[in-house]
Amino acid sequence: MVLSLFTAALVAASGGMLSLIQMSAEQSRVPVIANASETSRPEEAALQCLPDDATNIILRGVHEHESTAGGYTHQMTYYLFGLTSEGQWQEWAVMDFEGVCGITYTTAWGETLSEHVDMDVARSLRLQSYRTIAESIGGIEELKKGILAPDDYLGGMDSYGNERLPTFAPEDIWALHQLGIYPPEDTYTIQEIEPYVPGQLSQ
């Protein structure tokens with residue numbers, strides 16, 4: 001089912017997770033960030049790590065993070081992008097460490113953002129992402145309508161033909177609650193995650 005407010009379905013953000021509303025095709029063409037070679041923005045280094053075929057690039061969140069390892073403190077910046085690659089809408093989280101970028105998460109991995117970054121980073125990026133989406137569709141109330149719309153709770157069917165509830169990542173539910181959006185508990189499940197191990201790098 002598709003909301004009448006949008007021309008695109010809800011984005012499945014980790015193997016079927018219902019976590020983001022995808023903007024319409026027209027909307028997604030507007031706030032595009034230039035290719036890395038054409039920009040002098042702070043996220044320039046992060047843009048270098050996005051796929052070569054990426055289009056409709058939208059910056060959805062930025063989080064400064066401090067990590068201590070081996071007696072040294074490191075300052076890192078995480079960027080959350082929405083983009084189109086290989087004909088599909090995707091999310092990519094990229095870390096910038098002193099001008100060097102590294103991929104920390106993509107929806108193509110079928111896992112949650114919080115499995116690849118600290119939970120506080122995941123929560124911050126997800127909250128910013130929801131706010132960005134809300135701004136693009138007319139505000140928090142419109143986002144709330146989209147999240148709580150009955151049709152969007154159709155998570156599909158399992159192999160036995162039973163209706164399957166959509167699954168949210170823990171950081172998604174936390175972020176929605178910060179915005180005053182409380183999906184009824186019997187309408188979704190929370191994905192079990194493998195906790196992120198500080199210091200691990202995805203790629």
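View 1. Read along the sequence, the pattern is β-β-α-α-β-β-β-β-α-α-β-α-β. The protein has 5 helices and 8 strands; these are DSSP runs (H or I of at least four residues for helices, E of at least two for strands), numbered from the N terminus. The model is predicted, so local features need pLDDT of at least 70 and side-chain atom pairs count only at pLDDT 80 or more, while totals for chains, interfaces and linings use all residues. Residues are numbered from 1 along each chain as its sequence is written, and side-chain values use heavy atoms, with hydrogens and water left out.

**View 2. The protein as a whole.** Of its 203 residues, 47% count as buried, where buried means under 20% relative accessible area, exposed over 50%, and partly exposed in between (1.4 Å probe, protein chains only). The accessible surface comes to about 10400 Å², and carbon and sulfur atoms hold 50% of that surface. Accessible areas come from the Shrake-Rupley method with a 1.4 Å probe; for residues, only the protein chains shown count as cover. Among contacts between residues at least 6 apart in sequence, 56% join residues at least 24 apart; a contact means heavy atoms within 4.5 Å.

View 3. Strands 3 and 4 run antiparallel and are joined by 12 bridges; two strands pair if DSSP finds at least two bridges between them. One of the residues with a bridge partner in strand 4 is His-63, whose partner is Tyr-78.

**View 4. Two nonpolar cores.** A nonpolar core is a set of buried Ala, Val, Leu, Ile, Met, Phe, Trp, Tyr and Cys residues joined through side-chain atoms within 4.5 Å. The largest core has 14 residues, and those with the most contacts inside it are Tyr-130, Leu-143, Ile-147, Phe-168, Leu-176, Leu-179 and Ile-181. Helix 3 (119-137), helix 4 (140-148) and helix 5 (170-178) are the elements that give two or more residues to this core. Helix 3 gives the most, with 5 residues. A second, separate core has 12 residues, among them Leu-50, Ile-57, Phe-81 and Leu-83.

View 5. Side chains of opposite charge can pair when their charged atoms come close. A salt bridge here is a side-chain nitrogen of Lys or Arg within 4 Å of a carboxyl oxygen of Asp or Glu, and by this rule the count is 3. Glu-91 and Arg-126 meet through their side chains at 2.8 Å, N to O. Glu-91 is buried at 1% relative accessibility, Arg-126 is buried with a relative accessible area of 1%, and Asp-172 counts as buried at 1%.

View 6. The side chains of Glu-142 and Lys-145 meet in a salt bridge of 3.3 Å, N to O. Both residues lie in helix 4, 3 residues apart, about one turn of the helix.

View 7. Asn-56 is not a glycine, yet its phi is positive, at about 50°. Asn-56 lies in strand 3 (residues 55-69). Glu-86, likewise a residue other than glycine, has a positive phi near 55°. Glu-86 lies in the loop between strand 4 (72-85) and strand 5 (88-97). The residue Glu-86 is exposed, with a relative accessible area of 68%.
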